[in-house]
Structures are given as structure tokens and as C-alpha cells.
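Walk through this fold with the structure open beside the text.

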Amino acid sequence: MTCLNVILADDIEGWLLFNLQNLKNFFEGKEVCYYLFKSASEAYNFALESDKPVHLVLTDLEMEPMEKLAGEWLIENLKNLKSTQNAKFVIISSSPAISAVALRTNAEAFLAKPAYHSNPLTLKYKLQEIME
């Protein structure tokens, strides 16, 4: 069985772990390899050097300082890599720019952190829509 490779990028460890637990619940019984990063640049460097195809990327928007929002930069740059060219992208952020960034980057889904935190099943429903 091939491993479903998932990148999670968020500068707050609590959110990384929250997302990880929710993904583990959603993908229960499937072989999934999770790669957690506390910055967009770390996630990008991993994908750049990886020979494994990445299937799903969950990213925050506001991480390390960049000319634009770090999550937006990450999505734009990952879409140009061979390892992530077929990945699905989900933005999970409290940034007020979340919907505009999702439109600009053609992300498959986005969730506002406050709503997602109060109802973690929203991630499950989004993933069911985009992973089929």
C-alpha cells in the first residue's frame, strides 16, 4: 500500500497537534505519513528535497515574516514542484485574508480557525469533498 503523504505547516505547535489528531481520526485505517513543520520555508524545503509525492497540504497563513503571507507563498511555490504538483491544499487560519488567499492560490478548501476549533468535523467534511 502506498503511503498518503501529508504536510502540515503552522507555527503554533498546538495547532499542528490539533490538525494531526483530526487527520488521524479522518484517515483511520489508512497508511498516512505526516510531516509537520513550524514554518512555510521548512515545509517548502522538505518538498523541494523529497522524492515522495505529497497528496495533501494543510497550512496556516501567518507564520514567519515574508513579503506576502507565508501560507500563500508556500502554496504558490509548492504548486511548481514535481513532488506537490498534484497535492490538494487546505488553508486553516485566523487571517482575515483567508478567503482572498484561497481564491488567489486556487486552494481546494479553507477553514477559519475559530469555527474549525469549535467544530473539528468541518475538516472531515472538507476532506471528504476534495479527496474523492
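Start at Ile-91. Beyond its neighbours within four places in sequence, Ile-91 is in contact with Thr-59, Leu-61, Ile-75, Ile-98, Val-101, Ala-102, Thr-105, Ala-107, Ala-109, Phe-110 and Leu-111. Contact here means heavy atoms within 4.5 Å. The model is predicted: local features need pLDDT of at least 70, side-chain atom pairs count only at pLDDT 80 or more, and totals for chains, interfaces and linings use all residues. Residues are numbered from 1 along each chain as its sequence is written, and side-chain values use heavy atoms, with hydrogens and water left out.

Ile-91 belongs to the largest nonpolar core, which has 24 residues. Such a core is a set of buried Ala, Val, Leu, Ile, Met, Phe, Trp, Tyr and Cys residues joined through side-chain atoms within 4.5 Å. Buried means under 20% relative accessible area, with a 1.4 Å probe and protein chains only. Ile-7, Val-57, Leu-74, Leu-78, Phe-89 and Ile-91 touch the most other members. At least two residues each come from strands E1 (4–9), E2 (32–37) and E4 (88–93), and from helices H2 (40–49), H3 (70–78) and H4 (98–105). Helices (H or I, at least four residues) and strands (E, at least two) are DSSP runs, numbered from the N terminus. Another core, of 20 residues, lies apart from this one; Leu-4, Phe-27, Tyr-34 and Tyr-116 are among its members.

Now take H4. Its buried residues are Ile-98, Val-101, Ala-102 and Thr-105. Seen down the axis of H4, they fall within an arc of 105°, so they line one face of the helix. The arc is that of the directions from the helix axis to the C-beta atoms. Their cover includes H3, E4 and strand E5 (109–112). Just after H4, Asn-106 takes a positive phi of about 60°.

The sheet comes next. Five strands form an open sheet in the order E2-E1-E3-E4-E5, with parallel pairing. Two strands pair if DSSP finds at least two bridges between them. E2 and E5 stand at the edges with a single partner strand each, so one side of each is left without a neighbour in the sheet. E1 and strand E3 (residues 56–59) pair over four bridges. Ala-9 has Thr-59 as its bridge partner in E3.

Where does Ser-39 lie? Ser-39 lies in the loop between E2 and H2. At 10% relative accessibility, Ser-39 counts as buried. A polar atom of its side chain lies 3.1 Å from the backbone nitrogen of Glu-42.

Conventions. Buried < 20%, exposed > 50% of the residue type's maximum accessible area, 1.4 Å probe, protein only. Polar contact = N/O pair within 3.5 Å; in protein donor to acceptor, adjacent residues only side chain to side chain.
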